[in-house]
Amino acid sequence: MSKSNAVAAVASAHHAGRNNNSSNGASRRAVVVADMRDPQIRFRRAIIPVGSLEQHGPHLPVSTDTLVVEHIANLVAPMVGAVVMPAIAYGVSYEHGPLFNASVRNSTLSATVCDLCASLADCGFSEIILLNGHHGNMGALQYVAQDLESRIPGAVAVHTLHYWHAMKSEFDHAGEVETSLVLAIAPGLVRMDLAQPNSKKLSKSKAAYATLTNAPGSFIRITGNGVWGDPAAASAEKGKKLIKEITANLAATISELVR
């Protein structure tokens, strides 16, 4: 894909994520705060997508986590009466070095998210959903609500959800699941002719990998090539089914969070 075509594909995917929700499980258009004027912003529930910028094998864009979580947020928002904030596109991805990653520290991401939540609370929002799209961000987001206790009114609720918890399929990294999601959202950004599975056998327990993958540079040592899973069986149809499952389950979960 040429540089100009790649730029066009990214722009097309971003536009589709906002305006073409009906094909992937939602019938109403997302309300995106960046497109609004001040008098229009009278919502009380906000969703902040949190992604990353990191390698996803040779076949997926480095924006995969942000692309997917922003798309899901745009679908879920009209289902739960929320407005969508611009995605935070930088996450904690040091585990992917020396392969490409543009990372921030846990403390930086946590402080940024806390400041945003406090600002939204000052603007009158009473519920803020942090929708996470990258496994490496979990530690930074875990205690945001606790850190905000003295900074926001007690009536303001802050919740963190990880979108992969809303699906039955085993989560991967540039494998069948993630590749299917991107094929459903932005097929022009996927190079299936370059897709390949992890080059090292993944034989350890989930518990072992849960701690091993926290170390900087661990991902390529474990997988051999930065891919966790096999993208060969991925398809746009599978991605659409996953998106429908994820959005329905997230909407149901958010409804359970109402105090």
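A residue counts as buried under 20% relative accessible area, as exposed over 50%, and as partly exposed in between, using a 1.4 Å probe and protein chains only. By that rule Phe-219 is buried, at a relative accessible area of 8%.

The model is predicted: local features need pLDDT of at least 70, side-chain atom pairs count only at pLDDT 80 or more, and totals for chains, interfaces and linings use all residues. Residues are numbered from 1 along each chain as its sequence is written, and side-chain values use heavy atoms, with hydrogens and water left out.

**Sheet**

Helices (H or I, at least four residues) and strands (E, at least two) are DSSP runs numbered from the N terminus. Two strands are paired if DSSP finds at least two bridges between them. An open sheet of 4 strands has the order S2-S1-S3-S4, with parallel pairing. Strand S2 (83-84) and strand S4 (157-162) are the edges; each has a single partner strand, so one side of each lacks a neighbour in the sheet. Strand S1 (residues 45-50) and strand S3 (residues 127-132) run parallel and are joined by 6 bridges. Arg-45 is placed opposite Glu-127 of S3.

**Val-92**

Val-92 sits in the loop between S2 and helix H3 (106-122) and is buried, with a relative accessible area of 7%. Its C-alpha atom is separated by 5.4 Å from that of Val-104, 12 residues apart along the chain. With contact taken as heavy atoms within 4.5 Å, and residues up to four places away in sequence not counted, Val-92 touches Ser-103, Val-104, Arg-105, Asn-106, Leu-109, His-134, Gly-136 and Asn-137.

**Aromatic pairs**

Rings of Phe, Tyr and Trp (its six-membered ring) pair if their centres lie within 6.5 Å; planes under 30 degrees apart are stacked, over 60 edge-to-face, and the rest tilted.

| Pair | Centre distance | Plane angle | Class |
|---|---|---|---|
| Tyr-163 and Phe-171 | 5.7 Å | 80 degrees | edge-to-face |
| Phe-219 and Trp-228 | 5.8 Å | 40 degrees | tilted |

Tyr-163 is buried, at 0% relative accessible area, whereas Phe-171 is partly exposed, at 22%. Ring pairs also link Tyr-163, Trp-164 and Phe-171 into a cluster.

**Nonpolar cores**

A nonpolar core is a set of buried Ala, Val, Leu, Ile, Met, Phe, Trp, Tyr and Cys residues joined through side-chain atoms within 4.5 Å. The largest has 38 residues, and those with the most contacts inside it are Ile-47, Ile-72, Leu-131, Tyr-163, Leu-181, Ile-246 and Leu-250. Two or more of its residues come from each of helix H2 (64-80), S3, helix H6 (176-185) and helix H9 (236-256). H2 gives the largest share, 9 residues. Leu-250 touches Ile-72, Val-76, Leu-131, Leu-161, Tyr-163 and Ala-166, not counting residues up to four places away in sequence. Another core, of 26 residues, lies apart from the largest one; Ala-46, Val-113, Leu-130 and Ala-140 are among its members.

**Largest pocket**

On a 1 Å grid over the protein atoms alone, a pocket is an open set of points where a 1.4 Å probe fits, with protein on both sides within 12 Å along at least five of seven lines; lining residues have an atom within 4 Å of a point. The largest pocket has a volume of about 920 Å³, the volume being the space filled by probe spheres set on the points. It is lined by 32 residues, of which His-135, Phe-171, Ala-210, Thr-213 and Trp-228 are the closest to its centre. Helix H4 (138-142) and helix H7 (206-212) each supply at least two lining residues, and H7 gives the largest share, 3 residues.
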